[in-house]
Each structure stands twice: as C-alpha cells, then as structure tokens.
Amino acid sequence: LDASMLRCQIEGSLGHFDKVVESANLALASIETTRTVSAGAAENDTLTARALGYMGFALMKRGEFSAALPILERSAKILREFVQGIQRECERNGETKPTLAEKRLRRESNSVAGALKLC
C-alpha cells in the first residue's frame, strides 16, 4: 500500500499520469482489502482520500476533467469529514495547537478543494 502511494507521488512528479491512475487503483484495491480484514477505518479513510486525490489530479493533467470531478469530490468529502472529526476531538480534549498530521490533512484538503475549482 505504501509503495503504491509512493509510486503515485513519483510518477506524478515525472509526468506519467497514466501510471499515477494505475498506482492509485492498486492503492484503493489494497485499502479495500485491508478494510475487510481490519477495523482501522479512520486510517483507511485518509489513505482512500489521498489515493483518490492522486487519481483526480492525474486525470485533470490528462485533460479528463469530467472523470476527475466526482473522484476529487469524494476525496474532498472524506478529508473534510476527517479534519472536522479531528477538530471536534481537539476541542473535547482542550487542545488548541494542531499536530503535524492535522496540518498535512488540511493541506491535502485545501489542495483537493483547489483542484475542484478547476474542474
């Protein structure tokens, strides 16, 4: 799973967007397999959002905006719900400073939201 996500990043930086879509599909299949075996839903959800984000960006780069739109919308929804859940948890615990993981999720959420504006 980590290898598929890393491959998405590498292939994307090289401009190989067909391979990004392929790697994202492998990651999503692995996530679904993991979801049926374990109960790590929250972690799987963020990984799903990341894989969908990679796929959506790659489809945009290939000019397939109509295909990218629903994928990016799904990614944005998952990330938004996860970030809101983290914020509620922090408020319950009296925490005010976001962790590095929370900052990363917010950046990813903002990136996906920006891509949606382009679609």
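Here are some friendly notes on this predicted model, point by point.

1. **Met 55 up close.** Met 55 sits in helix H3. Its relative accessible area is 8%, so Met 55 is buried, the cut-off being under 20%. Leaving aside residues up to four places away in sequence, Met 55 touches Val 21, Ala 24, Asn 25, Leu 28 and Ile 71. The C-alpha atoms of Met 55 and Ser 23 are 8.5 Å apart, although 32 residues separate the two along the chain.

2. **Helix H4.** This helix has 29 residues and spans 41 Å from first to last C-alpha, close to the 42 Å expected at 1.5 Å a residue. Its buried residues include Ile 71, Leu 72, Ser 75, Leu 79, Val 83, Ile 86 and Cys 90. An α-helix has 3.6 residues a turn, so residues three or four places apart point the same way. Just after H4, you will find Gly 94 with a positive phi of about 75°.

3. Lys 77 and Glu 81 pair through their side chains at 3.0 Å, N to O. Both belong to helix H4 and are four residues apart, about one turn of the helix. Lys 77 is partly exposed at 45% relative accessible area, and Glu 81 is partly exposed at 42%.

4. The structure holds five salt bridges. In one of them, the side chains of Glu 22 and Arg 7 meet at 3.7 Å, N to O. Because Glu 22 lies in helix H2 and Arg 7 in helix H1, this pair ties together parts that are 15 residues apart in sequence. Glu 22 is partly exposed at 43% relative accessibility, as is Arg 7 at 28%. A network of salt bridges links Arg 7, Glu 11 and Glu 22.

5. **Arg 62 and Glu 64.** These two form a salt bridge whose closest N and O atoms are 2.8 Å apart. Arg 62 is partly exposed, with 33% relative accessible area, and Glu 64 is partly exposed at 30%.

6. **A nonpolar surface patch.** Do look at Leu 6, Ile 10 and Leu 14, which form a nonpolar patch on the surface with about 280 Å² of accessible area together. Ile 10 lies in helix H1 (residues 2-13) and is partly exposed, with a relative accessible area of 43%.

How values were computed. Residues are numbered from 1 along each chain as its sequence is written. This is a predicted model: local features need pLDDT of at least 70, side-chain atom pairs count only at pLDDT 80 or more; totals for chains, interfaces and linings use all residues. Side-chain values use heavy atoms; hydrogens and water are left out. Patches are made of residues with over 30% relative accessible area and no salt bridge: like charges are joined within 9 Å, nonpolar side chains (Val, Leu, Ile, Met, Phe, Trp, Tyr) within 5 Å. Accessible areas come from the Shrake-Rupley method with a 1.4 Å probe; for residues, only the protein chains shown count as cover. A salt bridge is a side-chain nitrogen of Lys or Arg within 4 Å of a carboxyl oxygen of Asp or Glu. Helices (H or I, at least four residues) and strands (E, at least two) are DSSP runs, numbered from the N terminus. Buried means under 20% relative accessible area, exposed over 50%, partly exposed in between (1.4 Å probe, protein chains only). Contact means heavy atoms within 4.5 Å. The expected span of a helix is 1.5 Å times one less than its number of residues.
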